[in-house]
Amino acid sequence: MNNSPLHRALCLTAWIAGLFCLLLCAVMVYEHSAAATNDPWKSPQLLALKDKLAAEPKNEPLQTEIRQMDRNFREKFRHRLELDRTGGWLLLGGMLVLTLAAGKAAALKKTLPAPQPKTDAGESSVKLASLSRWSLAGVALVVAASLVVIRFANTSVLPANPAGWEKLLAKKTGAEEAPAEQPPALAEFQANWPRFRGWDGGGVAAQTNFTTNLAWRAAILAPGHSSPIVWGDRVFISGGTTAQREVFCYDVSSGALLWRKAVINVPPSPPMVPEPPEDTTWAASTMATDGRRVYAFFANGDLGAINFDGSVAWTKYLGPIKNSYGYAASLAVWGNSLLIQLDQGEGESEAPAEGTTAVAAKAGAARGGAGEAAPAAGKSRLISLQCATGRLLWQRARPVPSSWASPIVVEAAGKTQVIALGKPWVIAYEQANGNELWRAELLNNEVVPSPVFAGGFVLLPDPGSRLLALRPDGAGEVTKTGVAWAADGNFPDITSPVSGGELVFTVSSMGMVECLQTSDGKQIWETNLDTEVQASPDIAGDRLFVLAKDGALVMLRAARERQEIGRCQLPDKFLASPAFAGGRIFLRGATNLFCLGPDAGKPAKQP
Amino acid sequence: MDPTPPLDAPVTRRHFLRNGARLMAMTGLGVAAGALATRSTGASWVWQLDPAKCLHCGNCATQCVLEQSAVKCVHAYAVCGYCQLCTGFFAPEPNELTTAAENQLCPTAAIQRAFVEDPYYQYSIDEQLCIGCAKCVEGCNRFGNGSLFLQIRHDRCLNCNECAIARACPGDAFRRVPADHPYLLKTAS
Amino acid sequence: MKPELELFDRREFFGVVTKTAAILGLAGAARAGAAEQGTANPFAYDISRFQKTDPKLISHEEAAHWPVPRKDARRLAIGPDGKIYLCAGNYISCLNRAGQGGLELALAGPACCVAVAADGTIFAGLRDHIEVFDAKGARAARWESPDPKTWLTGLAAGAKDVFAADAGKLVVLRYDRAGKIIGRIGQKDAARNVPGFIVPSPFLDVILHPDGLLRVNNTGRHQVEAYTFDGDLEAAWGKPTAAIEGFCGCCNPIALAALADGRIVTCEKGIPRVKIYSAAGEFESVVAGAESFPENALACNDLNDCVHGGIDAAVDSDGRIYILDLVTGNVRVMKPKA
Amino acid sequence: MLRRLKFIIALAVILLPALLACAEQRFPPPDFEETHHVLPSTTTPAARQIWLQYADTGVFLAALATAVWLIYKKRSRSRLVWLSLFSLAYFGFYRKGCICPIGSPQNIVLGLVNPGYAVPVTVLIFCFAPIVVALFAGRAFCAGVCPQGALQDFVLIKPVAVPPWLEQALSVVPFIFLGAGLIYAGAGTGFVICRYDPFVPFFRLSGGSFILTMGAAFLLLGMFVGRPYCRFLCPYGGLLRLASLASKWRVRVTPDTCTQCRLCEQSCPFGAMREPASAARNPASLGAARRRLGWMLALLPVLVVAGAWAGSKLSPAAAQLHPDVAAAERYVRQLTVPAQYGLMTPEALSLQRAAGDPEAILKLAADLRHRFDLACWLFGGWIGLVIGVKLVSLSVPASRTDYEPDRGACFSCARCFTACPNERVRLGRLPAADKPATP
């Protein structure tokens with residue numbers, strides 16, 4: 001039956017169908033390969049012609065040629081699509097015929113099986129099993145090999161472990177730590193006058209040799225009640241008007257203005273903010289410096305860091321600040337962090353203003369979520385910024401309304417504490433992370449005087465009623481337990497106390513000077529200078545300096561017996577506290593900046 | 001995988017094993033089905049192209065399993081500026097502002113330009129010709145209002161279980177969405 | 001099975017397998033090849049050649065550049081005192097040549113355009129009305145909105161008149177100094193053969209030209225048109241093309257400025273570039289090409305429409321060209337090449 | 001390129017406010033005063049009607065039931081062929097092979113892993129119904145409903161016996177493929193099973209060159225090797241194989257007693273027929289077999305652990321199949337080596353996108369890589385398990401008295417029925433007399 005006509009016919013059909021399929025495949029494959037040059041968007045000729053036309057736009061024949069070519073390329077394209085559609089079906093048909101015919105033919109040629117019975121069934125199955133196991137091992141090897149190839153064929157540059165990802169992301173978001181700069185040694189801070197009332201806000205000068213002859217005077221170029229600060233051979237003051245807020249840098253020896261820099265364009269600071277009261281001014285809060293930059297904060301909420309060469313390092317907007325008398329608390333620098341006590345508002349009830357939350361949010365984002373301690377209900381808060389970058393390190397909401405006292409940083413009870421006053425609370429925070437250490441509910445009046453740390457006590461007047469000495473080693477609420485002693489009396493409402501250690505002196509705004517014993521608060525003596533005093537007193541060596549508003553600088557002996565050493569008169573109006581550094585005293589008046597000290601021999605430096 | 005027990009075991013044990021296996025399998029399926037049934041949907045999913053993410057890379061024209069892509073350019077007329085010089089229609093350096101082949105941008109001349117009134121022209125897409133190459137989309141977005149953009153045309157889309165274009169999309173613009181809102185059209189806001 | 005049968009079968013089997021393997025291998029190779037050439041995009045919309053400027057054409061160099069103090073800057077103008085007035089966000093900022101300065105006027109809404117008269121009066125165009133300030137920055141007047149659809153995008157202040165380009169109503173409004181509208185320029189008018197403005201995206205500008213005429217950019221027609229104060233169309237020029245001598249995109253130029261000698265500075269978006277044309281409209285030189293505004297160039301291919309790309313330019317008394325980049329908010333000061 | 005990227009990064013930051021502004025800035029189309037031309041609206045052709053999809057499901061279930069009925073009640077090969085041709089036409093060429101049960105397990109896994117994806121009821125049915133059937137009546141789906149299977153069955157011209165040892169070894173491949181498909185689905189990185197289905201392009205009459213060639217190759221192979229895809233690749237086939245191992249009923253070749261004539265063995269093109277195997281005669285080898293089984297059982301956990309360990313090393317490569325991970329790779333690469341891509345190539349564009357918001361893309365990639373670490377770990381373990389179990393099963397001595405189809409491998413295509421003389425007698429095609437005598 002091998003040569004039966006049916007079989008031959010079937011074979012023939014199969015062959016023809018197969019050839020047909022092959023042919024069709026070939027055509028379609030060719031069409032697709034030709035597409036590279038025949039598709040209107042790929043054809044090199046057409047593109048070349050179009051470029052040619054760009055060169056000579058008015059070439060009529062060229063245009064017609066392009067149109068022609070474009071047209072038949074589109075024809076070809078459509079034709080190809082047609083072929084794909086119909087060709088597919090044709091191909092299927094061909095294969096159908098092929099398989100049917102071939103199948104039948106094969107069936108015809110098939111010789112019927114005549115299997116012989118198997119004898120060694122068991123053995124063969126065992127043999128087969130072992131053979132299969134080995135081949136399975138082979139398959140496993142192949143799989144493993146191919147996986148290995150895949151693995152090493154496409155290597156990855158992405159980090160393998162979470163830490164790597166963290167680093168990569170940090171790098172991308174630019175949130176990596178700023179180059180850690182070494183802050184100047186504490187001794188350097190102490191030798192200079194880096195903030196309001198000296199390195200620790202205590203108003204005690206490192207040197208003792210202060211003379212009171214006028215070395216130089218320099219005009220004040222912008223009003224402000226902030227006090228001068230001194231670092232090395234530079235003295236800085238800040239001032240501001242509605243137009244702009246500025247920082248001025250003078251040479252200590254000559255009083256020459258080295259530079260002035262405006263802190264402006266601090267987005268999103270609004271252009272117009274309510275004028276602060278006349279007796280507070282735009283620049284009531286004293287600057288701070290760490291010997292690398294000076295930091296100035298103004299009543300409209302602009303914070304600026306300015307390098308010693310007068311260039312702006314960074315600026316930040318912390319406003320708007322809601323303060324009926326105008327913002328006045330001074331800045332504090334400790335190590336690599338800048339501290340701002342941003343107490344404001346009438347109470348903690350108010351919702352946080354956009355500005356403040358925005359700051360928190362921004363900082364949070366920049367810090368990868370480390371700024372999570374966003375201010376709570378009240379707007380008052382204590383902020384710690386990184387000196388180098390202005391990045392938020394931490395901030396803590398404070399349950400107090402507006403206050404005007406400046407925070408101090410003290411090393412006590414084995415911790416670095418930031419002590420901040422605000423009616424009614426005295427709260428100590430850990431300088432490193434802002435965690436609250438202790439708090440005492442002691443203040444019944446609006447707080448203007450700043451605390452000082454002396455003889456192991458935090459000394460703070462509760463204006464008009466009493467002077468308090470707190471032990472800074474408590475934890476939690478220490479209202480009952482923390483108070484070492486409390487001396488009643490008409491204690492100052494503006495100026496801060498000062499203490500050489502054994503004794504503490506206070507000067508009321510009416511000029512009443514009191515001397516108390518630091519250990520128990522017993523009054524030693526008091527005297528009345530009967531003159532108005534707004535500047536806080538300072539101690540240098542055994543001398544207590546009291547600067548009266550009318551320009552009288554009174555020197556008393558800082559000792560158990562009352563004695564006035566002397567006084568000198570300056571032709572100006574003084575509200576700012578003086579600065580003592582490098583054997584010079586710097587006093588900021590309303591119109592002039594005065595320097596008392598050894599006569600300046602050198603010629604004045606030019607800016 | 002044939003859980004045939006050793007020879008000496010009674011035949012019934014094999015049945016027992018098998019029934020146990022079946023029971024386990026059924027419960028497994030039941031649990032899976034139950035877990036999914038809580039979240040499963042009677043509707044189906046379709047693929048959607050987000051024009052806001054589209055990068056106009058041309059993959060839609062080349063990657064679709066269909067010979068002529070199911071992705072086409074569509075025109076949000078309300079967004080169009082009806083420009084006389086439509087940068088989606090004319091080549092960057094048009095010889096003159098006519099519909100002549102040498103001035104057109106579209107490789108398949110799928111955009112029709114109709115005069116409305118001076119100086120406004122209306123542009124519409126011939127889907128028979130459009131291959132979804134996004135050349136015009138790029139032109140329109142780069143210079144114009146972006147009224148031309150790509151969409152999957154669901155009368156053509158086979159709704160493959162895995163969309164070949166989505167796999168190749170550099171903009172990650174393709175999403176599975178419930179079939180009741182298959183389109184994402186631009187509107188004048 | 002009979003062993004020989006099995007053998008035969010196995011041989012046949014392996015034959016088939018090897019054939020198939022070969023086919024698959026070929027297929028793999030073919031596919032790999034496809035992958036290689038598959039990277040090129042045959043449909044690329046190629047304008048890269050226009051984004052490079054021929055250095056021979058560049059006539060200016062950068063003298064300075066500084067950031068605008070506020071976000072969303074839109075237009076700038078130069079006052080008689082040489083101060084730069086920028087409208088950015090809700091403010092008009094007045095800066096000196098170094099980008100420093102204090103005076104800022106806060107407005108109710110986003111400032112769209114600004115002009116400063118010779119006497120220092122500042123005209124600030126908000127979306128639909130004009131606010132007038134004296135040289136000190138005190139609010140002098142508010143000229144109410146002429147039409148709800150009004151969208152002011154350009155201002156020019158002459159000695160007696162103020163011209164406001166209203167992109168919403170496709171007209172240039174002529175105000176007197178009292179704020180009264182005394183003329184409407186450029187409205188479609190077959191009789192005076194004024195073609196009318198086409199403004200697909202909000203950049204209609206108007207400037208005063210030394211020759212005493214106005215220049216208005218008819219973006220949709222890619223034309224710069226010269227009008228008399230009374231609205232007669234005197235001249236129009238401009239060629240639509242991405243090539244350097246013409247105006248690219250759907251709607252360009254977006255801003256104009258006039259040099260003292262009558263030459264005209266044009267700004268384009270899409271392919272951001274600032275060029276100088278003669279008063280008659282011949283292309284002369286390039287002040288800054290697309291490569292000078294990379295962010296601006298990218299603004300258009302990254303986002304889904306191009307309306308916030310853009311540039312504005314102004315010319316000061318000694319011929320320096322101030323270019324405001326709307327995307328980066330930088331001002332470039334360009335001075336002629338030595 | 002690098003400069004470009006810097007700009008883009010800057011841009012991303014700068015333009016965020018602009019983005020918000022843009023909506024307000026866009027201009028309305030002209031109000032055509034002269035012609036009062038009304039704007040046309042963009043057409044939105046609807047997708048396939050939902051009820052049609054349920055109709056598909058109905059047809060599917062009906063086909064399954066019919067298949068079972070034809071196999072067990074009718075024992076009719078010819079009618080089964082017609083059914084499979086119908087399925088080929090309907091589920092294949094009409095429905096373009098989507099959705100088919102073969103890919104559906106991926107949807108199930110995606111639905112289990114990704115709460116955002118609710119598995120459509122139709123998919124649930126397509127996936128589970130054949131398995132349930134297989135648990136009771138074997139692989140009826142493969143026999144009569146699966147279009148891919150029908151296509152291969154149809155082109156089978158001259159069956160060639162695959163050596164049983166190779167058949168046994170290759171039968172693990174489907175499970176490995178299944179594992180790969182499921183982990184990719186679970187990691188939300190596409191459906192590789194669908195991607196490499198060689199026959200769907202034929203149903204669509206279009207497809208990529210690679211997959212078309214694959215399909216052609218499989219068809220050619222299928223002319224001589226019965227159902228190559230079903231036997232050596234199909235992951236869903238793997239599932240059904242497992243299920244039908246536990247099936248309640250099974251296909252029986254002979255209606256009554258087996259005459260050991262081995263005709264059925266000849267008739268099966270899929271090498272699914274198992275010959276009788278009695279215990280080995282000598283107890284020594286029996287002991288050896290027991291020891292081997294012990295060894296294999298001990299080897300199983302070792303293989304799993306080793307596989308898991310090796311698999312965990314695989315994720316850096318495996319993850320790159322995900323476009324976002326690939327983009328991240330590209331981005332990180334060009335940070336060190338500036339990349340050169342053609343104009344507007346997808347690569348360049350994805351790189352731009354990555355550079356526009358590196359944090360986002362890197363976070364995404366990190367997340368994906370994390371998922372892949374787990375997935376690849378499982379995958380490796382799975383491979384180990386599959387191979388181990390197969391080894392064990394190969395070490396269990398079989399015992400059969402009759403020629404019978406292997407529960408797992410049998411597609412119940414009903415070819416063997418008519419090959420059995422007793423069946424022929426039952427059908428009356430053979431007179432009872434010349435039944436070959438049992439040897």
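## A first look at the contacts in this model

Between chain B and chain D, 15 residue pairs are in polar contact, both residues of each pair being at pLDDT 80 or more. On the side of chain B that touches chain D, α1(B) gives the most, with 12 residues. Please keep in mind that this is a predicted model.

**Where chain B meets chain D**

- Chain B brings 63 residues to the contact, and chain D brings 73 residues.
- About 6,000 Å² is buried between chain B and chain D, and carbon and sulfur atoms give 63% of that area.
- Two salt bridges are found across the interface of chain B and chain D.
- Glu162(B) forms a salt bridge with Arg195(D), where the closest N and O atoms are 2.7 Å apart.

**Around Trp404(A)**

- You will find Trp404(A) in the loop between β13 (392-397) and β14 (408-412) of chain A.
- Trp404(A) counts as buried because its relative accessible area is 10%, under the 20% cut-off.
- The side chains of Trp404(A) and Asn323(A) are joined by a polar contact of 3.4 Å.
- A polar atom of the Trp404(A) side chain also lies 3.0 Å from the backbone oxygen of Gly326(A).
- Beyond its neighbours within four places in sequence, Trp404(A) is in contact with several residues, including Tyr325(A), Ala328(A) and Val447(A).

**A nonpolar patch on chain A**

- Leu96(A), Val97(A) and Leu100(A) make a nonpolar surface patch of about 240 Å².
- Leu100(A) sits in helix α3 (residues 60-109) of chain A, and Leu100(A) is partly exposed, with a relative accessible area of 48%.

Technical notes
Residues are numbered from 1 along each chain as its sequence is written. Chains are lettered from A and ligands numbered from 1 in the order in which they are written. This is a predicted model: local features need pLDDT of at least 70, side-chain atom pairs count only at pLDDT 80 or more; totals for chains, interfaces and linings use all residues. Side-chain values use heavy atoms; hydrogens and water are left out. Patches are made of residues with over 30% relative accessible area and no salt bridge: like charges are joined within 9 Å, nonpolar side chains (Val, Leu, Ile, Met, Phe, Trp, Tyr) within 5 Å. Accessible areas come from the Shrake-Rupley method with a 1.4 Å probe; for residues, only the protein chains shown count as cover. A salt bridge is a side-chain nitrogen of Lys or Arg within 4 Å of a carboxyl oxygen of Asp or Glu. Helices (H or I, at least four residues) and strands (E, at least two) are DSSP runs, numbered from the N terminus. Buried means under 20% relative accessible area, exposed over 50%, partly exposed in between (1.4 Å probe, protein chains only). Contact means heavy atoms within 4.5 Å. A polar contact is a pair of N or O atoms within 3.5 Å; within protein, one must be able to donate a hydrogen and the other to accept it, and residues adjacent in sequence count only if both atoms are side-chain atoms. Buried area is the accessible area (1.4 Å probe) that two parts lose on being put together, summed over both.
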